[in-house]
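Student: Hi! Could you walk me through this one? I'd like to talk about pockets and strands.

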Amino acid sequence: MKNSSRGVVDPFIVMDVMEEARVAEAEGRHIIHMEVGQPSTAAPAQARAKLGATMEHDPLGYSVALGLPALRARIAQHYADKHGVTVSPERIIITPGSSGAFILAFTALFDAGAKVGIGEPGYPSYRQILKALNVTPVGLQTTLENRFQPVPTDFVGQGLDGLLVASPANPSGTMLTAEAMQALIDACKAEGVSFISDEIYQGVEYEGRAVSALELSDDVYVINSFSKYFSMTGWRVGWMVVPDDHIRLIERLAQNMFICAPHASQVAALAAMDSADELEGNLEVYKRNRAMMIEELPKAGLSNFAPPDGAFYIYIDVSHMTDDSRKLASDILHKAGVAVTPGMDFDPVRGHQTLRLSYARSSEDITEGLSRLKAYFKGS
Ligand SMILES: Cc1ncc(COP(=O)(O)O)c(C=O)c1O
């Protein structure tokens, strides 16, 4: 059968690494997973208990398209508590993960042929989802000195229709300060560019406080998720905040594209928002792991990185060792038993000289992974 050309998107290389690691494990190898971008912890206990109890009396059929009113109100409360901003619950849309939010946002904002700027290195699916919707991703090469975040001069005058930023970012873990984000929002406004802020790693932050674009403007799209800080990747629930005059547009798209986000996950997500003790406990583990990574990686000769402000990744320049990061990652997997992600997923231009290491797993795993990496690079 004939297929569309827009549907031919690139594979996610990290999935290939995970498969290679699975094969090695099936052969009896013990592998430390520093490739995966997800917590190894379960959803908060309260979330699981609440869903268990609800399932006994609620059929959990479709919810309304924009999500459970109680969850939308609780998220509005979160913006008041954490960011000091008033956001009306009507502007909050519950989505099937932030991935579902991207599809809604890109469809609502851009026509076929539009151009959307994305920082490189960046989360690979932005590019692929845009391509699948016939929208042109424009890679903006960021620099270590700008902490791998775009600045206005990277895109002004290029005729973009949209700009998508992430703070904290994947794979660099760096955040935009309020001033840096304001400069981007202002430049977008001056050029008529729609501004989208991916804030899915907010909550997982170490250096300073992550700023939400909603603190700076109401004329933005903000995307967030229960996947990372709330430790609920597989539940597929996220949210998006849109300007008042876009609510009905998104509602119509959401009704037709997804009907609703998984109802069971919405019930669990609401309870997860009141699980601060458990979630802060997870954050303590990431903090410990981050400190170990920053301390130990240079001892393996891996010192060319910007210390992450948030998320659970370190993005390392290995240009002094290789210009084939995929081959290097494969060698590390087979010789050291550590799975790491080659950078091409995140940056098609420079990614063959970079690696992303995740420290989302237990501190025992990270200690062992670092010791294996030090042994590998000393011997190489
Ligand atoms: C920066 C970023 N945005 C979005 C996503 C998608 O997350 P989800 O669809 O689980 O909310 C990810 C997943 O790793 C990510 O790293």
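Tutor: Happy to! One term before the strands: two strands count as paired if DSSP finds at least two bridges between them. Also keep in mind that this is a predicted model.

Student: Good. So how do β9 and β12 pair, and over how many bridges?

Tutor: Strand β9 (residues 313–317) and β12 run in the antiparallel sense, and five bridges link them. For one of the pairs, take Ile-314: its bridge partner in β12 is Leu-357.

Student: And what about β11 and β12, which way do they run?

Tutor: Antiparallel, with two bridges joining strand β11 (residues 341–342) to β12. There, Arg-356 of β12 has Thr-341 standing opposite.

Student: Is β12 mostly covered or exposed?

Tutor: Mostly covered: five of the five residues in β12 (residues 354–358) are buried. Buried here means under 20% relative accessible area.

Student: Which way do the residues of β12 point?

Tutor: Thr-354, Arg-356 and Ser-358 point one way, Leu-355 and Leu-357 the other way, and all are buried. In a regular strand, side chains alternate between the two faces of the sheet.

Student: Nice. Switching to pockets: what volume does the largest pocket have?

Tutor: About 610 Å³. Its lining is made of 29 residues, and those nearest the centre are Phe-12, Met-15, Gly-37, Tyr-123 and Lys-228. The elements giving two or more residues to that lining are α1 (13–26), α4 (97–109) and α5 (124–132).

Student: How do the residues of that lining divide?

Tutor: The lining of the largest pocket has 15 nonpolar residues, nine polar and five charged.

Student: Why does the largest pocket lie between domain 1 and domain 2?

Tutor: Because both domain 1 (5–43 + 276–379) and domain 2 (59–272) give residues to its lining.

Student: And the second largest pocket, how much space lies in there?

Tutor: About 300 Å³. The second largest pocket is lined by 18 residues, with His-78, Lys-82, Tyr-229, Phe-230 and Met-273 nearest its centre. Helices α3 (69–83) and α9 (276–296) are the elements that give two or more residues to this lining.

Student: What does each domain put in there?

Tutor: At least three residues come from each of domain 1 (5–43 + 276–379) and domain 2 (59–272).

Conventions
Residues numbered from 1 in each chain as written. Predicted model: local features only at pLDDT ≥ 70, side-chain atom pairs only at ≥ 80, totals over all residues. Heavy atoms only, no water. 1 Å grid on protein atoms, 1.4 Å probe; cavity = no way out; pocket = protein on both sides within 12 Å on 5 of 7 lines; lining within 4 Å. Points joined across faces, edges and corners; volume = space filled by probe spheres on them. Helix = DSSP H or I, 4+ residues; strand = E, 2+ residues; numbered from the N terminus. Nonpolar A, V, L, I, M, F, W, Y, C, P; charged D, E, K, R; others polar. Domains from an automatic or database assignment. Buried < 20%, exposed > 50% of the residue type's maximum accessible area, 1.4 Å probe, protein only.
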